[in-house]
Protein chains: 2
Amino acid sequence: MPYHHGDLRRTLLDAALVAIAEHGPVAVSLRELARRAGVSHAAPTHHFRDKTGLLTAVAAEGWTLLADALDAVTDREFSEMGVAYVVFATTHPAHFAVMRTPGLVHADDPALVAAQQRAGRSLQTEPDGAARDRATALAGWSLVHGLSALLLEGLVAPDPGSDVEALARAVTGRLGRPLPRRQG
Amino acid sequence: MPYHHGDLRRTLLDAALVAIAEHGPVAVSLRELARRAGVSHAAPTHHFRDKTGLLTAVAAEGWTLLADALDAVTDREFSEMGVAYVVFATTHPAHFAVMRTPGLVHADDPALVAAQQRAGRSLQTEPDGAARDRATALAGWSLVHGLSALLLEGLVAPDPGSDVEALARAVTGRLGRPLPRRQG
DNA sequence: CGGCAGGTCTTGTCATTGACAAGATGCCTC
DNA sequence: GAGGCATCTTGTCAATGACAAGACCTGCCG
């Protein structure tokens, strides 16, 4: 549709995701993205007001994809939802990094807020559609959000030969089970 | 000791903490910090190699303070350790923001790694000094790390009239207790 | 007492960046 | 076919991080 580029907005978002995956969300440069897309250094301005606007779009897309992933879980027991959360985070590291880094986005952006709320609603709903009580829902969210964060910060990694999904399953299984007192 | 400034290194770190609390760790500017400290724009270079070096120092200090806070917990049940973790995060938001934001620091800095490991050891130790099993320790760490992150990202806030400590206690109590099936 | 060595800070400079202003270019509608 | 508009370009500016070279103070050695 646009005359030079089939879809510059999408192209810039994709370039941003690549750049974030390579050097982190802090290091992205609008001019670098424009260069990779083959357009001039001011082209991104019209699609995203400024750099924060571009990252806001990435975050909103991330929350939407996360909500989609959660909605797609058929067995809506918390452990399965939690596994889906962690799998999303590790398979969309660029999105998740922007989503969880404060100060990068316009926090009051309507599209962003709406997407966040949709994901939140999905997480807080029980298998039969009832709402979980606050502390339980928050504990579950904290658990999977924290595991995702630790994985992406590199403070934790799955055992060799194992994978993220197995790790997430083991961890979510600890919620609501008695704590074993010893190693073993 | 230094001739112009009693302790420029500490002054810059404190200025950085203030700036991070105000505008987030991404927005800090070395030149701005130098201005606040009343020194020239190149003064910070000698104390911290570069901007990343300064943030690395902040992160290392943060992990050390966290380890100190965890070591100071006398009742070493996980719930109390977890409460201390969350209280640290919310009372040292600037430190914690740098600690949990990837790409800001030299991840392989020896002092940083050592401080991280000290905090990790403290968290993974049971009341009697035995090690927790991996999944349990990781679930606990994920839980409190995630709650801290959600609080600092502004995605969650304590109920009015309540406080962070009560919220943390309610959430850590869900680890190893049966999940209530319904609200109330 | 004199100077010398090194850590500390300053001045000067450069490429890069984000943001803005103004203009060019192609497409669509009336 | 002529205006109107979204899209993109060129040009510019202040701010920034990093680096180089030099000035300054301190403390130590002879």
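Reader: Hi! Which helix do Arg169(A) and Glu165(A) lie in, and how many residues apart are they?

Author: Hello! This is a predicted model, and in it both residues lie in helix 9 of chain A, which covers residues 164–172. Arg169(A) and Glu165(A) are four residues apart, about one turn of the helix.

Reader: What do the side chains of Arg169(A) and Glu165(A) meet in?

Author: They form a salt bridge, with 2.5 Å from N to O. In general, side chains of opposite charge can pair when their charged atoms come close.

Reader: Ok, what about Arg36(A) and Glu22(A), what do their side chains meet in?

Author: Those two meet in a salt bridge as well, at 3.2 Å from N to O. This pair links distant parts of the chain: Arg36(A) sits in helix 2 (residues 30–37) and Glu22(A) in helix 1 (residues 8–23), 14 residues apart. Arg36(A) is partly exposed at 38% relative accessible area, and Glu22(A) is partly exposed at 47%.

Reader: Which residues do salt bridges that share partners join into one network?

Author: The network is made of Glu22(A), Glu32(A), Arg35(A) and Arg36(A).

Reader: And how many salt bridges are there over all chains?

Author: A search of the whole structure finds 26. Four salt bridges are found across the interface of chain B and chain A.

Reader: Which helices of chain B each supply at least two residues of the side that touches chain A?

Author: Helix 6 (93–100), helix 8 (134–152) and helix 9 (164–172) of chain B do. The largest share comes from helix 8 of chain B, with 13 residues. By type, the side of chain B that touches chain A divides into 26 nonpolar, nine polar and 13 charged residues.

Reader: How many residues does the contact take from each chain? And what area is buried?

Author: It takes 48 residues from chain B and 48 residues from chain A. Between them the chains bury about 4,200 Å², with 60% of it on carbon and sulfur atoms. The count of residue pairs in polar contact between chain B and chain A is eleven.

Reader: Switching topic: how many helices and strands does chain A have?

Author: Chain A has nine helices and zero strands. Its C-alpha atoms fill a box of roughly 60 × 40 × 25 Å along the principal axes.

Reader: And what share of chain A counts as buried?

Author: Of its 184 residues, 47% count as buried. Chain A exposes about 8,600 Å², and carbon and sulfur atoms supply 55% of that.

Reader: Last one! Of the contacts in chain A with a separation of 6 or more, what share comes from residues 24 or more positions apart?

Author: Those residues account for 67% of such contacts in chain A.

Conventions
Residues numbered from 1 in each chain as written. Chains lettered and ligands numbered in written order. Predicted model: local features only at pLDDT ≥ 70, side-chain atom pairs only at ≥ 80, totals over all residues. Heavy atoms only, no water. Contact = heavy atoms within 4.5 Å. Buried area = accessible area lost by both parts, 1.4 Å probe. Polar contact = N/O pair within 3.5 Å; in protein donor to acceptor, adjacent residues only side chain to side chain. Nonpolar A, V, L, I, M, F, W, Y, C, P; charged D, E, K, R; others polar. Buried < 20%, exposed > 50% of the residue type's maximum accessible area, 1.4 Å probe, protein only. Areas by Shrake-Rupley, 256 points an atom, 1.4 Å probe, with all protein chains shown as cover.
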